[in-house]
Amino acid sequence: MAAPTPEITAKKAPAEIDRGTAVIELRGVRKAFGDLQVLKGVDLDVFKGENVVVLGRSGSGKSVLIKIIAGLLRPDQGSVRVLGSEIDSLGPRELRALRSKIGFSFQSSALYDSMNVRANLEFPLVRNKRELTRKEIDEAVVQVLDDVGLSQSLNQMPSELSGGQKKRIGIARTLILHPEIMLYDEPTAGLDPVTSVEINDLIREVQQRYNTSAVIITHDLTCARSTGDRVIMLSEGCFLRQGSFDEVFESADPRIQHFYTYNFITKA
Amino acid sequence: MWKNNHKTDWHQIRPYKVMKAFFLRMYDIYQFFLRFFKEAFIPPYEYKEVMNQFFEVGIRSLSIITLTGFITGLVFTKQSRSSLAEFGATSWLPSLMAIAIVRALAPLVTALIVAGKVGSNIGAELGSMKVTEQIEAMEVSSTNPFKFLVVSRILATTCIVPVLATYMGLVGMLGAFVNVYNNEQTSFTSFFQAAFVRISFVDIGVLVFKSAVYGFTIGFAGCFNGFYAENGTVGVGRAANTSVVVSMFLIFVEEMLIVTLVNNYLK
C-alpha cells in the first residue's frame, strides 16, 4: 500500500490584516559592504497581522534586510520605522525595549549551546520581565513549548535536538515574550520536506495564535506559498515584483521565471 | 618633460592597508575598553552569571594550579640548592624561595596557566557564539550580550586570578618546604618563620595588584578576540589562539612595567 502523501501546503490562515496600520515601514533603504551594494533603495510596508515573504537567491540581500529591520545592522541611507519608532533615532535602552516586541528566528536557530531547552527559553523572559515569579516563568515555558509541540524536550541540550526541533525551540524562545512582529530567516533551510511543511504550519499557527505580523526570508517556494499573505521577489538589491504568490510568478521577467524553474515546482 | 599621468591610489598600497587595519583595531580595543567600564557600573547587573564565571575560572583551575604550584616550589628549591650550598648558605633557602615565589613566580605562573586554560576557553566560547549567531540572538531578545558575556568574564578573571596566585604562593612554599625538610629536616614552623622574614605587606599587595592586572588582561584578550571573531570555525580557532598569545605577551610586558615601577617608587 502506498504511503500517505504528506500535506504539501500549510493550512491557509484566515489572517485578519489591518491594511491601515503598518508595523514596519522601510523607505529608500540602501546598504553596502565595501564596494558591494547589497540593498539599492528598498521600500517596504508590512501591515498588522500580515505575513510577508521576501524571496530571493542567496546573496540577494534578504538576510541583510531583516537584520536592518531588527536593528542589528544600520542602513547607509533611508529610514526604518518599526512599530512607530524610527530605529536609527533610538538609544540602546529604547532599542532593547523595542526588540522585546520583535521575535527573530535565526537560520541556524542560534540556541545557546551551554544551556538546556528550559534555560534557553527562560533566558529572554527573566531579563525582560523581572517581576515574574518562578511559578509564572515555569508556566510560560511549558505553555510555549506546548505551542510548538515539543513539551517533552524541556531538559534536553541543543546538541541532542534534530534540526527541526532546534527551529521549533528557536521560535519558542522568541514567542515567550509574545512579540508583535516575527522575523524568520530561512525557516526551512536544511530541513527535510516533511519537517519543512511542519515548520510552515507552525509559522501560520504562530500568526493566528499570537496575532503577529511577520517577515519571512526564504528561497523555498513551498514555504513562500504556504506562509505568505504577500510575496516579494528580491533580486540584486531591488524588489522586482510583489503580490500574491501566483501574481508574482505570472511575471514574464526572466529573473523571476528562472528562479521559479530552478525550484522544481509546477504552477497549479 | 616627463609627466606622471598615473595618480597614486594610496588605498591599494599594502602598507597603507596594514596601517589602516592596525589603527582600526586599536580603535576597536579602545572602544571595547571604555564600554567594559561603562557596562560594569550601570545596572542591571548579571550577578548570577558573574558567580557562574567565578566558579568556572576559580574552581575549575584549582587542581592544575595546585599541581603546578607544588612542582614549581619543589623544583625551584632543588635547582637553587646547589648554588647556595657552594657558599654554605642553604639556610637562606626559605627566604629566597619566599621572595621568588611571592614577588615573581606565583603571579606569573598562575597568570600563564589561567591564560592557557581560561583565556583560550573564553576566546573559543565567545568566538563560536559569534559565528553561530548566538550573540545576535541575545541582542534581539533584548538582552545586553556585552554585559552578560563580557563584563561577567572580565570581572571573574580580574577577581579570581589574585586569589589563585595567593593560593599558588602557599602551595609553592609547601613544595619548597618538602625539599628543605628532606635535606635539612627543618620543622614546618621554622621554615615558614624563616621564609616570611623578608616578605613585607608591600610584596603581598603587589602580588594581589599585579595578579588582578594579569587577570583583567586575560579576560579582556579572550573576550575581545571572541566577541569580534569572524570567518566561521577558522575564526573560532584564531580567536582562541590569539587570546592566549596576546595575553601571555602582555603579561610579560606588564610584569616588566610593574616590577620597574615598584622598584623605583615602593622600595
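Predicted model: local features only at pLDDT ≥ 70, side-chain atom pairs only at ≥ 80, totals over all residues.
**View 1. Chain B, helices from start to finish.** Reading from the N terminus on, the elements of chain B go α-α-α-α-α-α-α-α. The radius of gyration of chain B comes to 23 Å, while the globule rule gives 18 Å for 267 residues; that is well over the rule, so chain B is more spread out than a compact globule. Its tally is 8 helices and 0 strands. Along the principal axes, the C-alpha trace of chain B covers about 80 × 65 × 35 Å. Take the contacts in chain B with a separation of 6 or more: 88% of them join residues 24 or more positions apart.

**View 2. Helix α7 of chain B, end to end.** This helix takes in residues 201-227 of chain B. How far apart are its end C-alpha atoms? They sit 38 Å apart, which agrees with the 39 Å that 27 residues should span at 1.5 Å a residue. Of those 27 residues in α7(B), 19 are buried, so the helix is largely enclosed by the rest of the structure.

**View 3. Strand β6 of chain A, covered on both faces.** In a regular strand, side chains alternate between the two faces of the sheet. Strand β6 of chain A runs over residues 102-105, with I102(A) and F104(A) on one side and G103(A) and S105(A) on the other, and all of them are buried. β6(A) pairs with β7(A) in the parallel sense, over 4 bridges. Zoom in on G103(A) and you'll find its bridge partner in β7(A), M182(A).

**View 4. L177(A), a loop residue.** Look for L177(A) in the loop between α5 (163-175) and β7 (181-185) of chain A. Is L177(A) buried or exposed? It is buried: 21 other C-beta atoms lie within 10 Å, and the cut-off for buried is 20 or more. Leaving aside residues up to four places away in sequence, L177(A) touches S100(A), P124(A), L125(A) and N128(A). R19(A) is 158 residues from L177(A) in sequence and 25 Å away in space, C-alpha to C-alpha.

View 5. Chain A has an average pLDDT of 86, and 92% of the residues score at least 70. Residues 1-11 of chain A are another story: pLDDT stays under 50 there, and the model has 15 contacts beyond four places in sequence for this stretch.

Conventions. Residues numbered from 1 in each chain as written. Chains lettered and ligands numbered in written order. Helix = DSSP H or I, 4+ residues; strand = E, 2+ residues; numbered from the N terminus. Expected span 1.5 Å × (residues − 1). Buried ≥ 20, exposed ≤ 12 C-beta atoms within 10 Å, placed from the backbone. pLDDT = per-residue confidence, 0-100. Contact = placed C-beta atoms within 7 Å. Rg over C-alpha atoms; globule rule 2.2 N^0.38 Å. Pairing = 2+ DSSP bridges.
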